[in-house]
Amino acid sequence: MKILVIEDEPALLESILAYFTGEGNICEHASDFAAANEKISLYSYDCILLDLGLPGGEGLELLTRLKQLKKRDGVLIISARHSLDDKLAGLDLGADDYLVKPFHLSELKARVSAIVRRKNFDGDNVIMFHEITVDVSAMKIRVKGNPVSLTKKEFDLLVYFLSNRNKVVTKNAMAEHLWGDEMDLLDDFDFIYTHVKNLRKKLLEAGAADYLRSVYGIGYKFGDL
């Protein structure tokens with residue numbers, strides 16, 4: 001998952017980042033309103049963890065900003081505010097869930113995973129696309145019932161294609177999803193071609209149809225033939 005953590009408490013921020021990156025997720029962070037506003041304006045995320053009381057502004061204003069931008073990012077509010085009015089205000093503005101501090105990181109992860117499943121795969125852990133079956137939580141893939149070994153990036157790329165099936169995705173969007181902020185350090189997108197080529201080769205060798213199409217000058221499309 002690609003996650004943005006908007007939190008100004010250093011110790012909690014570091015704990016959340018360490019926990020989610022340790023699970024293999026891509027994490028970015030912002031510690032004040034201005035930095036958070038810039039992030040949500042420029043990039044898209046599977047889930048945003050949003051604190052409400054931020055230096056320079058109010059977290060609820062960021063929810064309004066997401067609405068204005070017509071973003072579909074999942075949002076989980078993490079806040080010490082525990083009144084019903086605060087919860088209703090956040091949910092009414094479009095947040096998917098509300099978790100009161102303090103909390104266990106394992107519960108935070110479960111809530112984030114549930115939001116991402118609802119957003120991308122109608123709540124299912126298992127994605128089925130013709131002869132391809134992907135267990136997202138177990139990170140396992142099968143083609144016609146037989147297991148297929150993918151690298152972490154290849155697996156992430158396949159899940160990204162499946163969540164955007166029958167849509168054209170740009171190389172820039174793919175790089176942003178797979179590498180987050182680190183994409184700015186890359187010289188070109190040749191690595192995207194390499195990962196796509198390897199993923200396609202492994203799926204074809206396992207007996208899957210060729211669902212990947214290159215869209216000249218733009219990116220790729222994964223979908224029905």
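**Salt bridges and the domain interface**

Across the interface of domain 1 and domain 2, the rule finds zero salt bridges, where a salt bridge is a side-chain nitrogen of Lys or Arg within 4 Å of a carboxyl oxygen of Asp or Glu. Before going on, the conditions. This is a predicted model, in which local features need pLDDT of at least 70 and side-chain atom pairs count only at pLDDT 80 or more, while totals for chains, interfaces and linings use all residues. Residues are numbered from 1 along each chain as its sequence is written, and side-chain values use heavy atoms, with hydrogens and water left out.

The two domains first. Domain 1 covers 2-120 and domain 2 covers 126-222; the bounds come from an automatic or database domain assignment. Taken over C-alpha atoms, their centres are 26 Å apart. Contact here means heavy atoms within 4.5 Å, and ten residues of domain 1 are in contact with ten residues of domain 2. The two domains bury about 740 Å² between them, 44% of it on carbon and sulfur atoms. That area is the accessible area (1.4 Å probe) that two parts lose on being put together, summed over both. Lys2, Ile26 and Tyr43 supply 54% of what domain 1 buries against domain 2, more than any other three residues. Strand 2 (26-30) and helix 2 (33-42) are the elements that give two or more residues to the side of domain 1 that touches domain 2. Helices (H or I, at least four residues) and strands (E, at least two) are DSSP runs, numbered from the N terminus.

How many residue pairs are in polar contact between domain 1 and domain 2? The count is zero, with both residues required to be at pLDDT 80 or more. A polar contact is a pair of N or O atoms within 3.5 Å; within protein, one must be able to donate a hydrogen and the other to accept it, and residues adjacent in sequence count only if both atoms are side-chain atoms.

Now the salt bridges in the structure, which holds eleven. Lys101 and Glu7 form one of them, at 2.8 Å, N to O. Lys101 sits in the loop between strand 7 (97-100) and helix 5 (105-121), and Glu7 in the loop between strand 1 (2-6) and helix 1 (10-22), so the pair ties together parts 94 residues apart in sequence. Are these two residues buried or exposed? Lys101 is buried at 17% relative accessibility, and Glu7 is buried at 0%. Buried means under 20% relative accessible area, exposed over 50%, and partly exposed in between (1.4 Å probe, protein chains only).

Glu7 and Lys101 also belong to a salt-bridge network with Asp51. Asp51 lies in the loop between strand 3 (47-50) and strand 4 (53-54) and is buried, at 5% relative accessibility. Leaving aside neighbours within four places in sequence, Asp51 is in contact with Ile6, Glu7, Asp8, Gly59, Ile78, Ser79 and Lys101. UniProt, in an unreviewed entry, lists Asp51 for "modified residue: 4-aspartylphosphate"; such annotations may be inferred rather than shown by experiment, and the position is in the numbering used here, with feature names shortened.

Two further pairs. Asp97 and Arg111 meet in a salt bridge at 3.1 Å, N to O, with Asp97 in strand 7 and Arg111 in helix 5, 14 residues apart. Asp97 is buried at 18%, whereas Arg111 is partly exposed at 23%. Arg200 and Asp210 meet at 3.2 Å, N to O. Arg200 is in helix 8 (residues 190-205) and Asp210 in the loop between helix 8 and strand 13 (212-215). Arg200 is partly exposed at 24% relative accessibility, and Asp210 is partly exposed at 27%.
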